[in-house]
Amino acid sequence: MTTGAVATDRPEPTPGSGPGAGGHAEDGAVPPPRADRAERGERARAAVDRLRTAGVEAVAVTWVDNAGIARVKAVPLGGLVHAAQWGIGTAPCFDVFLADDTIVTSPLIGGPTGDLRLYPDVERIVPLAAQPGWAWAPGDRYTQGGAPHPGCQRLFARRAVAAAAERGLTLKAGIEIEWVAALAGPPGEEPRYPTAGPAYGMQRVTELSDYLRDVLRALGEQGLTVLQIHPEYAAGQFEVSVAPEGPVEAADTSVLVRHTVRAVSARHGLRVSFAPVVEAGGVGNGGHLHLSLWRDGRNLAHGGPGPHGLTAEAEGFLAGVLGALPELLVLGCSSPAGYLRLVPSHWAGAYQCWGLENREAALRLVTGSTGERASAANAEIKCFDATANPYLAVGGVLAAGLAGLDQRLALPPEFTGDPAQAAPGAVPRLPAGPGEALAAYRASALLREALGEPLHGAVLAVRQAESEQYATATPEELAAATRWRY
């Protein structure tokens, strides 16, 4: 399990100040724009030489908006040095885009006025194996004056990691990527699947072996360590897991993996959906977040006196996360379509409980096999999906976890089995729709303080607008409206 967050008694850093505002080297973070531009230029020139050798002609710099959509600005390779030194112009109104590209506004962010600078993280630039001639980098957003943009989700995640570091804690994280592959067709067409193989069946691997091999090959060429890839439950569904890393890096990697899967799929005449539900009534795509918390090289989810070997710090962290899950759904289950997936008895984690290897609990404790527990023990948040902005998801979880750690919270009794079979009211149900989650989010002083008013308000505006947008939609209409947006 992992940690790192902004505690409830810590004021939100002002733009350009506070822990993590400029990033930490262990996060692979780009130096802040107010740092020496000559140094950033030298790093970018070294990257240009490396990328030119790899045949790269352009660099796509992405950020993820509050609706969970990856947006992009690209520069030719010859413009990378200037972009690293001065940033790329980007409008702040992207923070209030909805998934269908409708633009709303919020009290502190929105409208046609203003501009930001998008700075590529030069240390994370990677040539895209399935898009010859292209490279990718995540970006951080700053004001034109050089201060951190208060709505930048990646900087928010970096602040959370820095808050953990202040406590002597480091973190490891990983986000599982699930997707449905379908035959390419018109935008409004119902999905047609390239394989009819059974759930988890080798038949799917056999029928799509070239495709899955190319996914693995592309991820490996981009420097990612794949732990496993396999068919999932739903028709045409697959999952890939990569090695854990720091929380910000894990969020970056989740974006890169999805870009890569989409590009490989296009080369095979397929399109993909990472949406929480592709067909109403079916099992959907999750975006499960795995976390582990470490101090001085020791995994705090192992070897302690608490439940299943948790240390007191790890238990407090997990208790904080578990208690905050209703409001965290606004960050981790972003689209109204997510609640079509988040239903009981579907391994989606619809109940606010925890358990050892319990796939129906929202918080699943994973100890690992005997002999590797000291390195493998972690916790999995199962109620999140891929509509989440991954930086908001990891930052929000870290904020809640550190608050629980600081307060020395304890976990409630463990639940085993399917909570849907328990007596009515025995196990709390997570919000069954966006309205309940938004009410919890509005009431959360923790998230308001951790995010800061500008980002908190922009997230609220987007979630409220999408909730109203689909308030009268049938499950079939909601699934159709969102399946190809993610």
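Colleague: Which element gives the most to the lining of the second largest pocket?

Modeller: This is a predicted model. With five residues, the one that gives the most is α6.

Colleague: Which residues lie nearest the centre of the second largest pocket?

Modeller: The space in this pocket is about 540 Å³. Its lining has 16 nonpolar, four polar and four charged residues. Of the 24 residues that line the second largest pocket, those nearest its centre are Ala70, Val255, Arg258, His259 and Arg262.

Colleague: How many charged residues are in the lining of the largest pocket?

Modeller: The largest pocket has a volume of about 1000 Å³ and a lining of 43 residues. Glu176, Glu239, His290, Arg364 and Glu380 lie nearest its centre. By class, the lining of the largest pocket holds 16 nonpolar residues, 16 polar ones and, as charged residues, eleven.

Colleague: Which helix supplies at least two residues of the lining of the largest pocket?

Modeller: Several strands each supply at least two residues there, including β7 (170-175), β9 (226-231) and β10 (237-242). Others among them are β12 (289-295), β15 (361-366) and β16 (378-381). The helix that also supplies at least two is α9 (373-376).

Colleague: What is the volume of the largest cavity?

Modeller: A search of the whole structure finds five cavities of 30 Å³ or more. The largest cavity is lined by 13 residues, and Ile175, Gly287, Asp385, Ala388 and Pro390 lie nearest its centre. By class, eight of its lining residues are nonpolar, two polar and three charged. The volume of the largest cavity is about 100 Å³.

Colleague: Which elements each supply at least two residues of the lining of the largest cavity?

Modeller: One of them has already come up, as the element that gives the most to the lining of the second largest pocket. For the largest cavity, the elements that each supply at least two lining residues are α6 and α10 (390-406).

Colleague: Where does the largest share of the lining of the second largest cavity come from?

Modeller: The second largest cavity has a volume of about 50 Å³, and its lining includes Val330, Tyr339, Pro434, Arg463 and Glu466. The elements that give two or more residues to this lining are α11 (434-442) and α13 (453-469). The lining divides into seven nonpolar, one polar and two charged residues. The largest share, three residues, comes from α11.

Technical notes
Residues numbered from 1 in each chain as written. Predicted model: local features only at pLDDT ≥ 70, side-chain atom pairs only at ≥ 80, totals over all residues. Heavy atoms only, no water. 1 Å grid on protein atoms, 1.4 Å probe; cavity = no way out; pocket = protein on both sides within 12 Å on 5 of 7 lines; lining within 4 Å. Points joined across faces, edges and corners; volume = space filled by probe spheres on them. Helix = DSSP H or I, 4+ residues; strand = E, 2+ residues; numbered from the N terminus. Nonpolar A, V, L, I, M, F, W, Y, C, P; charged D, E, K, R; others polar.
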